[in-house]
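User: I am new to reading protein models, and I would like to learn how to describe helices and ring pairs in one. Could you take me through some features step by step?

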Amino acid sequence: MTHRFFYEGSLDDALLQLDGSEAHHLLHVLRMKVGDEVLLFNGTGIEAEGQIEKTGRKTVDIKVVRRHESEAETQVPLILATAVPKGDRFRWLVEKAAELGVTRLVPLTTERSSVDPGENRLKKLQQTIVSAAKQSGQIRLMELAPLQPLSDFLKEIDPAEQQLLIADPQGAAWTELNLAGSEASAAGVVILIGPEGGFSAEEVQAAEDAGAQAVQINAGILRIETAALLMAGLVRLP
């Protein structure tokens with residue numbers, strides 16, 4: 001299997017230089033040599049196949065052989081707007097959402113929210129997103145949006161362009177949905193996940209007024225990250 005590396009910049013040049021942690025991993029962990037084949041991606045949807053042409057102490061020169069856009073780009077946009085779970089569970093949620101090909105993850109504040117991840121923590125999670133994309137073969141990096149109130153997020157959604165789903169124990173069964181037959185879902189799917197105490201009745205009503213369909217995904221009560229990844233995985237099923 002060809003090893004994938006994240007390249008922060010344009011892939012247009014014939015010769016690219018890998019540095020930083022990616023070069024360190026190539027040189028000192030994988031111990032790759034001149035002539036070995038690599039695959040570079042920069043998170044924009046393009047991949048570049050290449051060969052190692054020269055190695056230094058902290059840099060690697062790579063000659064690009066060909067560029068292509070992956071078939072994975074045909075997936076519909078998927079936005080996951082979710083309350084933030086406690087502790088390291090949020091990092092795990094971000095990692096797995098990136099592996100599943102979530103397009104954008106939006107941390108939400110709600111009436112019953114108890115966690116604010118902070119701007120610095122969100123920035124540090126960018127490396128988690130890169131690592132998840134490398135491991136899973138995603139060619140676009142998931143966008144991690146700033147924390148915002150649910151009410152503000154709902155104003156961004158156009159139900160004519162996106163299918164909005166809200167996790168609710170009182171909602172319709174998932175099996176009753178027809179994502180494949182929805183014109184809005186072809187343009188994008190938006191998933192809303194509440195905090196440990198769930199969305200308030202007023203928040204559910206506000207989401208429904210914004211065009212959301214309430215759906216039940218399990219007979220029991222799931223944790224934030226479990227519900228978020230279960231719904232994202234169901235949307236990403238072929």
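Analyst: What follows looks at a pair of helices, then at a further helix, and then at aromatic rings. This is a predicted model, in which local features need pLDDT of at least 70 and side-chain atom pairs count only at pLDDT 80 or more, while totals for chains, interfaces and linings use all residues. Residues are numbered from 1 along each chain as its sequence is written, and side-chain values use heavy atoms, with hydrogens and water left out.

User: How do the axes of H2 and H3 lie to each other?

Analyst: Two packed helices are described by the angle between their axes and the distance between the axes. Here helix H2 (residues 89-100) and helix H3 (residues 119-136) have axes that come within 8 Å and cross at roughly 40 degrees. Helices here are DSSP runs of H or I with at least four residues, strands are runs of E with at least two, and both are numbered from the N terminus. The axes are lines fitted to C-alpha atoms, for helices over the stretch in contact, and angles run from 0 to 180 degrees between N-to-C directions.

User: Which residues of H2 and H3 meet?

Analyst: On the H2 side, Phe 90, Arg 91, Val 94, Glu 95, Ala 98 and Glu 99 take part, and among their partners in H3 are Leu 122, Leu 125, Ile 129 and Ala 132; contact means heavy atoms within 4.5 Å.

User: Which residues of H2 are buried?

Analyst: They are Arg 89, Phe 90, Leu 93, Val 94, Glu 95, Ala 97 and Ala 98, where buried means under 20% relative accessible area, with a 1.4 Å probe and protein chains only. These buried residues pack against H3, helix H7 (224-235) and strands S6 (78-83), S7 (104-109) and S8 (143-144). Just after H2, Gly 101 takes a positive phi of about 85 degrees.

User: What covers the buried residues of H7?

Analyst: The cover includes H2, S6 and strands S10 (163-173), S11 (189-193) and S12 (213-216). Among the buried residues of H7 are Ile 224, Leu 229, Met 231 and Val 235.

User: How many aromatic pairs are there?

Analyst: Rings of Phe, Tyr and Trp (its six-membered ring) pair if their centres lie within 6.5 Å, and planes under 30 degrees apart count as stacked, over 60 as edge-to-face and the rest as tilted. The count by this rule is 1 aromatic pair. Phe 6 and Phe 41 form it edge-to-face, at 5.5 Å centre to centre with 65 degrees between the planes. Phe 6 is in strand S1 (residues 3-6) and Phe 41 in strand S3 (residues 37-41), 35 residues apart. Phe 6 counts as buried because its relative accessibility is 13%, and Phe 41 counts as buried at 0%.

Note on methods:
Buried < 20%, exposed > 50% of the residue type's maximum accessible area, 1.4 Å probe, protein only.
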